[in-house]
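The entries are kept in the order of the search.

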Amino acid sequence: MLEIRHLRSLVAIADAGKLATAAERVHLSQSALSHQIRALEDHHGLALFERTRQGLQFTPAGERLLTLARSVLGEVSAAERDLQRMKGETTGELRIALECHTCFDWLMPVMHAFRQRWPEVEVDLVAGFHAEPLALLKEGRADLVVGSAPKATRAWQVSPLFRFEMMLVVANDHPLRHKRFVTAKDLADETLITYPVPDARIDLIREVLTPAKVNPARRTAELTVAIVQLVASRRGVAALPSWGLQSYLEHDYVQAVRIGPKGLWSELHAICPKAQAARPYMQDMAEIIRQQCAQLPGIEWLA
């Protein structure tokens, strides 16, 4: 018989696209999740998935159960929020600081969904560029940071969101545009355009250029659209998330090239003080981000 745990597993598989990642999200081993799915298939006498080169694909039977899962789990979440309201635990303030500045591209639908679920909670953004976002949490100036995982986690509740590939953005006629991937050496004579943040928070510099002792010329811009415009105008190159480049690539404004043979990958996490993590709306924010970002191109889910 169908149970809530089965529905959660189906949604995790749909969001992750990989059985191993989905198993981690529902806190099962991969073999246990496989056994759970096989039991469902045996019970109904229908296959729920097909394995393809693109990953697991839902069959019509699987799609029907997935539709049910999203509907039922949505109702369960709504009921749980109503119970929290009855206990008077739904008022408060949620001040969000972003370490990843291209997050603004998907933040609007996230904020909209959050306000619909938690209308009693005051939501605000901590504006500006912050050299140390976690300091805002320590000083009580923010309640949640969306960014890379902290090295020390004792004071923080860290909820993994997703990982994404950083791509080198170049002008349409740039010599590097046809390369299968670029290396640090390829960037030695380039001008690197970045956000005005410390080098330690720039993946390309920290993971690729500094280890290779490559130090290209630099300039900064505060807005993603400004960075892309500078690149398109042949003022330099930049490293930006693949999902933040989609519209620019579709309009042929710029080109994107992989960084390194396996790509340069970064992660996003939702971080808050452990003392605040028990707030129901705080717990829900990470799930809303995952739901709203499920269709972003080039992301992989973190458990």
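The entries below cover a helix contact and then an aromatic cluster.

I note that this is a predicted model, in which local features need pLDDT of at least 70, side-chain atom pairs count only at pLDDT 80 or more, and totals for chains, interfaces and linings use all residues. Residues are numbered from 1 along each chain as its sequence is written, and side-chain values use heavy atoms, with hydrogens and water left out.

**Helix packing.** I looked up helix α5 (residues 104–117) and helix α10 (residues 280–292), whose axes lie 9 Å apart at an angle of about 135°. Axes are lines fitted to C-alpha atoms over the stretch in contact, and angles run from 0 to 180 degrees between N-to-C directions. α5 and α10 are therefore oblique to each other (under 35 degrees is roughly parallel, over 145 roughly antiparallel, 65 to 115 roughly perpendicular, the rest oblique).

I then listed the contact (heavy atoms within 4.5 Å): W106, P109, V110, A113, F114 and R117 in α5 meet Y281, D284, M285, I288, I289, Q291 and Q292 in α10. I find nine nonpolar, two polar and two charged residues in this contact.

**Aromatic rings.** I found that ring pairs (centres within 6.5 Å) link W106, F162, F164 and W243 into a cluster. The ring centres of W106 and F162 are 6.3 Å apart with planes at 65°, so I record the pair as edge-to-face (planes over 60 degrees apart; under 30 is stacked and the rest tilted). W106 is buried at 3% relative accessible area (buried is under 20%, with a 1.4 Å probe and protein chains only), and F162 is buried at 0%.

Methods: Helix = DSSP H or I, 4+ residues; strand = E, 2+ residues; numbered from the N terminus. Nonpolar A, V, L, I, M, F, W, Y, C, P; charged D, E, K, R; others polar. Phe/Tyr/Trp six-rings, centres within 6.5 Å; stacked < 30°, edge-to-face > 60°. Buried < 20%, exposed > 50% of the residue type's maximum accessible area, 1.4 Å probe, protein only.
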